[in-house]
Structure formats: C-alpha cells, structure tokens
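Me: I would like to learn how to read this structure step by step. Could you take me through its features, with the general idea before each case?

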Amino acid sequence: MDLSDSFEKIPVNVFSTPKQGSAFVARQIADFIIAKQKKKEKCVLGLATGSTPKSLYTELIRLHKEEKLSFKNVITFNLDEYYPIDNKALQSYNRFMQTNLFNHIDINPKNIHIPNGEVAKEDIKEHCRQYEKMIKNAGGIDLQILGIGNNGHIGFNEPGSGIYSKTRLITLDNSTRIANAYEFANISQVPRLAITMGISTILQSKKIILMAWGSAKAPVIKKAVEEDDSEQVPASLLQNHDDVTFVVDEAAASELTRNKSPWLTGDCDWTPKMIKKLW
Ligand code: F6R
C-alpha cells in the first residue's frame, strides 16, 4: 500500500497539465456515453461551468467532430446559475453552456437542464423542487463533473451548506463574487444570489469527478482531501461518497502532504533538494 494514501481521504489523480487531466476526464465521459449507447440507455451527466471545465468541453467537442462521439443519448443537468440573470447575458451559465459545449455537439436541446436565472422570485422554490424532480425522473445523475471554489464551494454551495441541502437559492460569498468579478464589468454587477444544486443532490450522483487546476486551488484541495470533512469546506463532504475522484494538475496538488512533506508519508526519495526542503 502506498502510505501517502493514509493522508488522503479521497483518491487524487495528478496530471502534468490541465490539458492532460481534461483529456483523461473527457475519455471517461466518452467511454461511459458509448457503453450506455450499446445498452440503448440514456446517460445522465451533471455539468459545471467556470474556467475549469473549458478544456474538458473543448476536448468533448473534438471527440464529437473528429471521433464521431454522439451525445444523442445524453441528458444534462447543470449545477447552478446566477440569480437573477438574463439567460442570454454574457455571464449567464445558460449562455456559457451553449457557447462552450451545446452549440457544437448533437445533444437534443430537450435533454438540457440548467437552473433558470429568469424565474420570478416567488416561483424559485417550486423551480428548485421541479429541478430535483427532473433529476429523479431521469434516473439520477450517472456522472457529476465538479470544479471547486477557493473557499471550497462545489456548485454554489458556499461554506456552511449542509450535507442534506437540496437545489435552492443561495447567497454568494463575497470571496466568490470577487473571484468571479472578471466575468462582469465590475464587482457591483456580480449577482448576490444564485440557484444551486444542493450537497445532497450532488452526493446522490452515482459517480463524481472534481477537477482543479493551478496553484491558487492547492490549499483548498489539501483541506478537502486531507482534513476531516466539514460544512466549512463543502468539497470535503465528498469524502462521504464512495465513488469520487479528484483530477488535478501538479500545481493544484502541490500542497498535498505527499508533495509538500513527502517524508511524512514514508515514501520519500532523499534527493539533495528534499534534504534542503526539510532543513
Ligand atoms: C460552476 C460551479 C463552481 C465552479 C467554481 C470554480 O458551475 O459550480 O463551483 O466550479 O467556482 O470556478 P472556476 O472553474 O472558474 O475556478
């Protein structure tokens, strides 16, 4: 047994670059879609937005165009959407998904589900209830793709989100609004609210893959993977799922004990660089 495992409560697959990690995840998705096609079954995918899955979607589009991967049997449910927002606004996740994936593949538009940022305030509760119901009616999510916020959020489940939470309206953390401000003209334009699948919605997925790239994500990846699970780091609640994998690049893995202090894992090659690091 690799002793580094004893620090990590979630399997972490490390790739040299985001492109390689994304190609690995795209292959898993493609194989899964094809296996379902052979059985004449639908394949239900949970999808994320943001900068992290962009290279994944580029690769899925490539697989569609160059390797004839069809999405005709695919049903999708997106994690979240800002509220309120015009579906056609540049920053809306509805628009993001059309531009970055759906416009380029052969998915049936009827099979696409994204929380609606245009719904009237008094209808939000019912909209969220219906979203949960549609996921259930589709047979549940087979494979959920996640990114992670610097504060540990998954979907827009900000710190404090409970393990039993379902699709609902949530107030965005200020840190999230700052992190996402680059998509808007300025911070005051970033919506204060969002509709998000809950932690329990996510945990009900049969399989979960969380992706993270870059050193800015390294501290939260360590917390989610190595520390005790806590509502303060929502991604750490994934420790309670039995088929979850983190796919990260080397920079995002750099704070893991196996990289930061490998002598603690008992799995250390005592190169001069390592000796210097310890002393
Ligand atoms: C987006 C989502 C969020 C993002 C997270 C990371 O649908 O669910 O949890 O995955 O905020 O965002 P990026 O990828 O932009 O760093």
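Reply: Let us begin with terms: helices (H or I, at least four residues) and strands (E, at least two) are DSSP runs, numbered from the N terminus, and two strands pair if DSSP finds at least two bridges between them. This is a predicted model, in which local features need pLDDT of at least 70 and side-chain atom pairs count only at pLDDT 80 or more, while totals for chains, interfaces and linings use all residues. Residues are numbered from 1 along each chain as its sequence is written, and side-chain values use heavy atoms, with hydrogens and water left out.

Me: Which residue in strand 6 stands opposite Gly46?

Reply: Gly46 faces Gln144 in strand 6; strand 2 (residues 43-47) and strand 6 (residues 143-146) pair in the parallel sense over 2 bridges.

Me: What is the order of the strands in the open sheet?

Reply: The open sheet has 7 strands in the order 1-10-9-6-2-3-5, with parallel pairing. Strand 1 (12-15) and strand 5 (112-113) are at the edges with a single partner strand each, so one side of each has no neighbour in the sheet.

Me: Which residues come nearest to the ligand?

Reply: A residue is near a molecule if one of its heavy atoms lies within 4 Å of it. Of the 13 residues around the ligand, Thr52, Asp80, His153, Gly155 and Lys217 come nearest.

Me: Where is Pro84 found, and what kind of peptide bond joins Tyr83 and Pro84?

Reply: Pro84 is in the loop between strand 4 (80-83) and helix 3 (93-100), and the bond joining Tyr83 to Pro84 is cis, with omega about -10°. In the loop between helix 1 (18-38) and strand 2 lies Lys40, which has a positive phi of about 55° although it is not a glycine.
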